[in-house]
Amino acid sequence: MAHALRLGRRRMGQCWPNPAVGCVIVKDGRIVGRGVTAPGGRPHAEPQALAQAGDAARGATAYVTLEPCAHHGKTPPCCEALVNAGIARVVAPMTDSDARVSGRGFDYLRRHGVEVVTGVLGEQAARDHAGFFLRVAEGRPLVTLKLANSFDGRIATATGESQWITGPEARRYVHGLRARHDAVMVGAGTARADDPALTVREFGATRQPVRVIASRLIDVPLMSKLASSAREVPVWVAHGSDAASLTRKAWESCGAKLLQCDIRAGRIDPASLLAKLGAEGLTRVFCEGGGQLAASLLAADLVDELVGFTAGIALGAEGRPGIGAMGVDHLAEAPRFVLEEVRAIGGDVLHRWRRG
(Lines give C-alpha, C1' and ligand atoms only; values in the text may rest on other atoms or scores of the structure.)
Protein backbone atom coordinates (compact mmCIF):
# COMPACT_ATOMS: atom_id res chain seq x y z
CA MET A 1 0.00 0.00 0.00
CA ALA A 2 2.87 2.38 0.75
CA HIS A 3 4.17 1.78 -2.77
CA ALA A 4 0.72 2.44 -4.26
CA LEU A 5 0.49 5.71 -2.31
CA ARG A 6 3.89 6.78 -3.61
CA LEU A 7 2.72 6.10 -7.16
CA GLY A 8 -0.36 8.24 -6.60
CA ARG A 9 1.67 11.15 -5.21
CA ARG A 10 3.70 11.26 -8.41
CA ARG A 11 0.56 12.18 -10.31
CA MET A 12 -0.71 14.93 -7.95
CA GLY A 13 -1.55 18.04 -9.91
CA GLN A 14 -1.84 16.07 -13.15
CA CYS A 15 -5.25 14.40 -13.09
CA TRP A 16 -7.87 16.78 -11.68
CA PRO A 17 -10.82 16.61 -11.23
CA ASN A 18 -10.10 12.93 -10.51
CA PRO A 19 -8.05 11.83 -7.50
CA ALA A 20 -4.45 10.71 -8.00
CA VAL A 21 -4.83 6.98 -7.32
CA GLY A 22 -2.10 4.36 -7.29
CA CYS A 23 -2.60 0.61 -7.79
CA VAL A 24 -0.17 -2.26 -7.23
CA ILE A 25 -1.05 -5.87 -8.07
CA VAL A 26 0.81 -8.59 -6.17
CA LYS A 27 0.84 -12.34 -6.73
CA ASP A 28 2.89 -14.90 -4.82
CA GLY A 29 4.85 -12.11 -3.15
CA ARG A 30 5.84 -10.48 -6.46
CA ILE A 31 4.58 -7.25 -8.02
CA VAL A 32 3.05 -8.11 -11.39
CA GLY A 33 1.36 -4.82 -12.23
CA ARG A 34 1.50 -1.12 -11.38
CA GLY A 35 -0.78 1.73 -12.39
CA VAL A 36 -1.52 5.36 -11.57
CA THR A 37 -4.24 7.73 -12.72
CA ALA A 38 -3.21 9.12 -16.10
CA PRO A 39 -2.81 12.86 -16.81
CA GLY A 40 -6.25 14.37 -17.27
CA GLY A 41 -7.82 11.69 -15.06
CA ARG A 42 -8.13 8.74 -17.47
CA PRO A 43 -7.46 5.90 -17.72
CA HIS A 44 -7.70 5.08 -14.03
CA ALA A 45 -4.99 3.31 -12.09
CA GLU A 46 -6.66 -0.11 -11.86
CA PRO A 47 -7.07 -0.91 -15.59
CA GLN A 48 -3.49 0.19 -16.23
CA ALA A 49 -2.17 -2.11 -13.52
CA LEU A 50 -4.38 -4.95 -14.78
CA ALA A 51 -3.12 -4.49 -18.33
CA GLN A 52 0.45 -4.75 -17.10
CA ALA A 53 -0.31 -7.83 -15.00
CA GLY A 54 -2.16 -9.66 -17.77
CA ASP A 55 -3.03 -13.27 -16.88
CA ALA A 56 -1.04 -12.96 -13.65
CA ALA A 57 -3.88 -10.86 -12.22
CA ARG A 58 -6.03 -13.97 -11.73
CA GLY A 59 -5.93 -14.88 -8.05
CA ALA A 60 -3.78 -11.83 -7.18
CA THR A 61 -4.20 -9.03 -4.65
CA ALA A 62 -4.77 -5.45 -5.79
CA TYR A 63 -3.60 -2.66 -3.47
CA VAL A 64 -5.55 0.49 -4.43
CA THR A 65 -5.28 3.85 -2.66
CA LEU A 66 -9.03 4.58 -2.92
CA GLU A 67 -12.19 2.52 -3.31
CA PRO A 68 -12.46 1.39 -6.96
CA CYS A 69 -15.07 3.37 -8.87
CA ALA A 70 -18.49 1.78 -9.43
CA HIS A 71 -20.12 4.14 -11.93
CA HIS A 72 -20.19 4.20 -15.70
CA GLY A 73 -18.56 7.38 -16.99
CA LYS A 74 -16.20 7.77 -19.92
CA THR A 75 -14.71 4.42 -18.90
CA PRO A 76 -16.28 1.26 -17.37
CA PRO A 77 -16.24 0.85 -13.57
CA CYS A 78 -12.90 -0.22 -12.11
CA CYS A 79 -14.63 -2.65 -9.73
CA GLU A 80 -15.94 -4.57 -12.75
CA ALA A 81 -12.49 -4.60 -14.35
CA LEU A 82 -10.99 -6.09 -11.18
CA VAL A 83 -13.64 -8.82 -11.04
CA ASN A 84 -13.34 -9.64 -14.74
CA ALA A 85 -9.57 -9.96 -14.39
CA GLY A 86 -9.96 -12.54 -11.63
CA ILE A 87 -8.53 -10.47 -8.75
CA ALA A 88 -9.03 -12.42 -5.52
CA ARG A 89 -8.47 -9.69 -2.95
CA VAL A 90 -8.60 -5.88 -2.91
CA VAL A 91 -6.84 -3.89 -0.19
CA ALA A 92 -7.78 -0.21 0.10
CA PRO A 93 -7.41 2.45 2.77
CA MET A 94 -10.88 3.99 2.63
CA THR A 95 -14.25 4.45 0.99
CA ASP A 96 -14.60 6.99 -1.81
CA SER A 97 -16.74 9.90 -0.60
CA ASP A 98 -18.08 10.58 -4.11
CA ALA A 99 -21.81 9.77 -4.01
CA ARG A 100 -21.47 7.83 -7.28
CA VAL A 101 -19.18 5.35 -5.51
CA SER A 102 -19.39 5.66 -1.70
CA GLY A 103 -19.32 1.95 -0.81
CA ARG A 104 -20.77 0.66 -4.07
CA GLY A 105 -17.37 -0.37 -5.37
CA PHE A 106 -16.63 -2.46 -2.30
CA ASP A 107 -20.14 -3.95 -2.33
CA TYR A 108 -19.78 -5.00 -5.96
CA LEU A 109 -16.46 -6.68 -5.24
CA ARG A 110 -17.81 -8.60 -2.25
CA ARG A 111 -20.92 -9.71 -4.14
CA HIS A 112 -18.66 -11.19 -6.80
CA GLY A 113 -16.53 -13.13 -4.37
CA VAL A 114 -13.60 -10.73 -3.98
CA GLU A 115 -12.20 -10.34 -0.48
CA VAL A 116 -12.07 -6.66 0.55
CA VAL A 117 -9.74 -5.33 3.24
CA THR A 118 -10.01 -1.65 4.23
CA GLY A 119 -8.31 0.75 6.64
CA VAL A 120 -4.72 0.07 5.56
CA LEU A 121 -2.68 3.31 5.80
CA GLY A 122 -5.94 5.20 5.93
CA GLU A 123 -4.51 8.34 7.54
CA GLN A 124 -1.86 8.73 4.85
CA ALA A 125 -4.37 8.15 2.08
CA ALA A 126 -6.79 10.66 3.61
CA ARG A 127 -4.10 13.34 3.43
CA ASP A 128 -3.17 12.44 -0.13
CA HIS A 129 -6.79 12.63 -1.28
CA ALA A 130 -7.76 15.59 0.94
CA GLY A 131 -8.25 17.95 -2.00
CA PHE A 132 -10.54 15.52 -3.80
CA PHE A 133 -12.55 14.91 -0.62
CA LEU A 134 -12.85 18.65 0.08
CA ARG A 135 -14.18 19.29 -3.40
CA VAL A 136 -16.76 16.53 -2.99
CA ALA A 137 -17.83 17.57 0.53
CA GLU A 138 -17.51 21.38 0.44
CA GLY A 139 -17.23 22.22 -3.24
CA ARG A 140 -13.80 23.80 -2.85
CA PRO A 141 -10.20 22.72 -3.42
CA LEU A 142 -7.54 22.23 -0.77
CA VAL A 143 -5.48 25.40 -0.34
CA THR A 144 -1.75 25.44 0.35
CA LEU A 145 -0.40 28.88 1.24
CA LYS A 146 3.30 29.44 0.54
CA LEU A 147 5.31 32.32 1.97
CA ALA A 148 9.02 33.06 1.53
CA ASN A 149 10.06 35.50 4.24
CA SER A 150 13.05 37.15 5.78
CA PHE A 151 13.87 36.18 9.37
CA ASP A 152 11.66 39.04 10.54
CA GLY A 153 8.68 38.03 8.39
CA ARG A 154 9.10 40.41 5.43
CA ILE A 155 8.60 39.49 1.77
CA ALA A 156 10.22 42.58 0.25
CA THR A 157 12.09 45.75 1.12
CA ALA A 158 10.25 49.04 1.51
CA THR A 159 10.89 49.72 -2.20
CA GLY A 160 9.39 46.36 -3.22
CA GLU A 161 12.61 44.50 -4.01
CA SER A 162 12.07 40.79 -3.32
CA GLN A 163 14.21 38.80 -5.78
CA TRP A 164 15.63 36.90 -4.19
CA ILE A 165 15.09 36.59 -0.44
CA THR A 166 15.50 32.81 -0.51
CA GLY A 167 18.14 30.79 -2.33
CA PRO A 168 18.03 28.69 -5.50
CA GLU A 169 17.41 25.42 -3.63
CA ALA A 170 14.25 26.82 -2.03
CA ARG A 171 13.06 28.18 -5.37
CA ARG A 172 13.57 24.80 -7.04
CA TYR A 173 11.60 23.17 -4.21
CA VAL A 174 8.75 25.60 -4.89
CA HIS A 175 8.65 24.47 -8.52
CA GLY A 176 8.20 20.92 -7.24
CA LEU A 177 5.30 22.08 -5.05
CA ARG A 178 3.68 23.83 -7.99
CA ALA A 179 3.85 20.60 -9.96
CA ARG A 180 1.93 18.76 -7.22
CA HIS A 181 -1.02 21.19 -7.35
CA ASP A 182 -3.72 21.69 -9.96
CA ALA A 183 -3.36 25.47 -9.91
CA VAL A 184 -1.05 28.26 -8.75
CA MET A 185 -2.79 31.40 -7.52
CA VAL A 186 -1.67 34.97 -6.82
CA GLY A 187 -3.34 38.28 -6.13
CA ALA A 188 -3.25 41.27 -8.45
CA GLY A 189 -0.57 43.03 -6.40
CA THR A 190 1.86 40.15 -6.78
CA ALA A 191 1.03 39.80 -10.47
CA ARG A 192 1.83 43.49 -11.01
CA ALA A 193 4.91 43.72 -8.79
CA ASP A 194 6.68 40.49 -9.76
CA ASP A 195 5.26 39.79 -13.25
CA PRO A 196 5.55 36.04 -12.51
CA ALA A 197 5.19 33.24 -15.05
CA LEU A 198 3.92 30.81 -12.36
CA THR A 199 4.96 27.82 -14.45
CA VAL A 200 6.79 24.68 -13.38
CA ARG A 201 10.38 24.76 -14.57
CA GLU A 202 13.50 22.66 -14.02
CA PHE A 203 11.58 19.36 -14.07
CA GLY A 204 11.38 18.67 -17.79
CA ALA A 205 8.14 18.28 -19.69
CA THR A 206 5.15 18.22 -17.34
CA ARG A 207 1.49 19.18 -17.33
CA GLN A 208 1.48 22.80 -16.21
CA PRO A 209 -0.84 23.96 -13.42
CA VAL A 210 -3.61 26.43 -14.16
CA ARG A 211 -2.51 29.95 -13.26
CA VAL A 212 -5.11 31.91 -11.31
CA ILE A 213 -5.11 35.67 -10.74
CA ALA A 214 -7.47 37.05 -8.09
CA SER A 215 -8.14 40.64 -9.16
CA ARG A 216 -11.44 42.38 -8.51
CA LEU A 217 -10.91 44.95 -11.28
CA ILE A 218 -8.49 42.85 -13.38
CA ASP A 219 -5.91 45.61 -12.92
CA VAL A 220 -2.99 43.55 -14.25
CA PRO A 221 -1.14 44.72 -17.38
CA LEU A 222 -1.96 42.97 -20.63
CA MET A 223 1.77 43.02 -21.38
CA SER A 224 2.42 40.72 -18.42
CA LYS A 225 3.91 37.25 -18.74
CA LEU A 226 0.60 35.74 -17.64
CA ALA A 227 -1.48 37.46 -20.29
CA SER A 228 1.04 36.92 -23.08
CA SER A 229 1.24 33.16 -22.42
CA ALA A 230 -2.44 32.45 -21.67
CA ARG A 231 -2.90 30.45 -24.88
CA GLU A 232 0.04 28.18 -24.05
CA VAL A 233 -0.67 27.61 -20.32
CA PRO A 234 -4.18 28.24 -18.91
CA VAL A 235 -4.81 31.53 -17.09
CA TRP A 236 -8.01 32.03 -15.11
CA VAL A 237 -8.89 35.49 -13.84
CA ALA A 238 -11.19 35.72 -10.80
CA HIS A 239 -12.82 39.15 -10.78
CA GLY A 240 -15.77 41.15 -9.50
CA SER A 241 -18.88 42.27 -11.32
CA ASP A 242 -17.48 45.81 -11.48
CA ALA A 243 -14.51 44.89 -13.66
CA ALA A 244 -14.69 46.97 -16.82
CA SER A 245 -16.26 45.25 -19.82
CA LEU A 246 -13.43 46.27 -22.14
CA THR A 247 -10.86 44.86 -19.71
CA ARG A 248 -12.72 41.57 -19.52
CA LYS A 249 -12.89 41.30 -23.29
CA ALA A 250 -9.20 42.13 -23.62
CA TRP A 251 -8.19 39.32 -21.28
CA GLU A 252 -10.57 36.89 -22.96
CA SER A 253 -9.02 37.79 -26.31
CA CYS A 254 -5.65 36.81 -24.84
CA GLY A 255 -7.04 33.35 -24.11
CA ALA A 256 -7.80 33.76 -20.40
CA LYS A 257 -10.89 32.27 -18.73
CA LEU A 258 -12.83 34.74 -16.58
CA LEU A 259 -14.58 33.73 -13.35
CA GLN A 260 -16.90 36.31 -11.79
CA CYS A 261 -16.89 36.10 -7.99
CA ASP A 262 -18.86 37.71 -5.19
CA ILE A 263 -17.45 40.79 -3.46
CA ARG A 264 -17.27 41.19 0.30
CA ALA A 265 -15.90 44.25 2.13
CA GLY A 266 -14.66 45.64 -1.17
CA ARG A 267 -12.63 42.57 -2.12
CA ILE A 268 -13.18 39.25 -3.80
CA ASP A 269 -14.91 36.95 -1.32
CA PRO A 270 -12.45 34.07 -0.77
CA ALA A 271 -15.25 31.52 -0.25
CA SER A 272 -16.83 32.52 -3.56
CA LEU A 273 -13.42 32.36 -5.25
CA LEU A 274 -12.73 28.82 -4.05
CA ALA A 275 -16.26 27.69 -4.89
CA LYS A 276 -15.71 28.89 -8.47
CA LEU A 277 -12.40 27.01 -8.67
CA GLY A 278 -13.99 23.88 -7.21
CA ALA A 279 -16.83 24.06 -9.72
CA GLU A 280 -14.21 24.04 -12.49
CA GLY A 281 -12.79 20.79 -11.12
CA LEU A 282 -9.73 21.97 -9.20
CA THR A 283 -8.83 19.90 -6.13
CA ARG A 284 -5.48 21.42 -5.02
CA VAL A 285 -4.52 25.11 -5.22
CA PHE A 286 -1.08 26.52 -4.39
CA CYS A 287 -1.36 30.15 -3.30
CA GLU A 288 1.82 32.23 -3.56
CA GLY A 289 0.43 35.49 -2.17
CA GLY A 290 0.35 38.39 -2.02
CA GLY A 291 -0.28 39.65 1.42
CA GLN A 292 -3.91 40.66 1.05
CA LEU A 293 -4.98 37.44 -0.67
CA ALA A 294 -3.17 35.43 1.99
CA ALA A 295 -4.86 37.44 4.75
CA SER A 296 -8.33 37.00 3.28
CA LEU A 297 -7.91 33.23 2.95
CA LEU A 298 -6.54 32.90 6.49
CA ALA A 299 -9.21 35.14 8.00
CA ALA A 300 -11.90 33.05 6.30
CA ASP A 301 -10.33 29.83 7.64
CA LEU A 302 -9.81 28.53 4.12
CA VAL A 303 -6.12 27.61 4.31
CA ASP A 304 -5.45 23.90 4.80
CA GLU A 305 -1.64 23.82 4.64
CA LEU A 306 1.12 26.36 5.22
CA VAL A 307 4.53 26.11 3.58
CA GLY A 308 7.05 28.66 4.80
CA PHE A 309 10.62 29.40 3.78
CA THR A 310 12.61 31.56 6.17
CA ALA A 311 15.86 33.16 5.02
CA GLY A 312 18.70 34.37 7.20
CA ILE A 313 18.19 38.02 6.33
CA ALA A 314 16.48 40.83 8.25
CA LEU A 315 14.67 43.68 6.44
CA GLY A 316 13.29 45.65 9.37
CA ALA A 317 9.92 47.17 10.13
CA GLU A 318 9.90 49.20 6.91
CA GLY A 319 9.94 45.98 4.87
CA ARG A 320 6.70 44.69 3.41
CA PRO A 321 4.88 42.08 5.52
CA GLY A 322 4.05 38.67 4.05
CA ILE A 323 0.43 38.79 5.24
CA GLY A 324 -1.91 41.77 5.16
CA ALA A 325 -4.25 42.99 7.89
CA MET A 326 -6.53 40.31 9.34
CA GLY A 327 -8.30 42.24 12.11
CA VAL A 328 -7.07 39.90 14.85
CA ASP A 329 -7.41 41.55 18.27
CA HIS A 330 -6.98 38.46 20.46
CA LEU A 331 -4.76 35.40 20.10
CA ALA A 332 -7.80 33.15 20.39
CA GLU A 333 -9.07 34.62 17.12
CA ALA A 334 -5.91 33.79 15.16
CA PRO A 335 -5.88 30.65 12.99
CA ARG A 336 -3.51 28.02 14.35
CA PHE A 337 -1.75 25.21 12.53
CA VAL A 338 0.05 22.04 13.55
CA LEU A 339 3.75 21.73 12.71
CA GLU A 340 4.53 18.79 10.42
CA GLU A 341 8.09 19.32 9.24
CA VAL A 342 11.15 21.53 9.68
CA ARG A 343 14.36 21.13 7.69
CA ALA A 344 17.05 23.03 5.87
CA ILE A 345 16.66 23.68 2.14
CA GLY A 346 20.00 25.06 1.00
CA GLY A 347 20.64 28.11 3.16
CA ASP A 348 16.99 28.53 4.14
CA VAL A 349 14.61 26.83 6.57
CA LEU A 350 11.50 25.03 5.33
CA HIS A 351 8.59 24.65 7.74
CA ARG A 352 5.32 22.93 6.85
CA TRP A 353 2.11 23.19 8.83
CA ARG A 354 -1.38 21.75 8.47
CA ARG A 355 -4.79 22.74 9.70
CA GLY A 356 -5.24 21.67 13.31
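**Reading the salt bridges**

Modeller: Being four residues apart in helix α5 (residues 122-128), Arg127 and Glu123 are separated by about one helical turn. This is a predicted model, in which local features need pLDDT of at least 70, side-chain atom pairs count only at pLDDT 80 or more, and totals for chains, interfaces and linings use all residues. Residues are numbered from 1 along each chain as its sequence is written, and side-chain values use heavy atoms, with hydrogens and water left out.

Colleague: What joins the side chains of Arg127 and Glu123?

Modeller: Side chains of opposite charge can pair when their charged atoms come close. A salt bridge is counted when a side-chain nitrogen of Lys or Arg lies within 4 Å of a carboxyl oxygen of Asp or Glu. Arg127 and Glu123 meet in one, at 3.5 Å from N to O. Helices (H or I, at least four residues) and strands (E, at least two) are DSSP runs, numbered from the N terminus.

Colleague: Is Glu123 buried or exposed?

Modeller: Buried means under 20% relative accessible area, exposed over 50%, and partly exposed in between, with a 1.4 Å probe and protein chains only. Glu123 is exposed at 58%, while Arg127 is partly exposed at 37%.

Colleague: Which residue forms a salt bridge with Lys146?

Modeller: Glu288 does, with 3.4 Å between the closest N and O atoms. This pair links distant parts of the chain, 142 residues apart: Lys146 is in strand β6 (residues 142-149), and Glu288 is in the loop between β14 (284-287) and α12 (291-299). Glu288 is buried, with a relative accessible area of 14%, and Lys146 is buried at 11%.

Colleague: And what is the partner of Arg192?

Modeller: Arg192 pairs with Asp219, the closest N and O atoms being 3.1 Å apart. Here too distant parts of the chain are linked: Arg192 belongs to helix α8 (residues 188-194), and Asp219 to the loop between β9 (210-214) and α9 (225-228), 27 residues apart. Arg192 is partly exposed at 43%, and Asp219 is partly exposed at 39%.

Colleague: How many salt bridges does the structure hold, and which residues are linked in a network?

Modeller: The structure holds 17 salt bridges. Glu138, Arg140, Asp301, Asp304 and Arg355 are linked in a network of them.

Colleague: Last, a contact list. Which residues does His3 touch, beyond its neighbours within four places in sequence?

Modeller: Contact means heavy atoms within 4.5 Å. His3, in helix α1 (residues 2-10), is in contact with Val24, Ile31 and Arg34. The C-alpha atoms of His3 and Arg34 are separated by 9.5 Å, the two residues being 31 residues apart along the chain.
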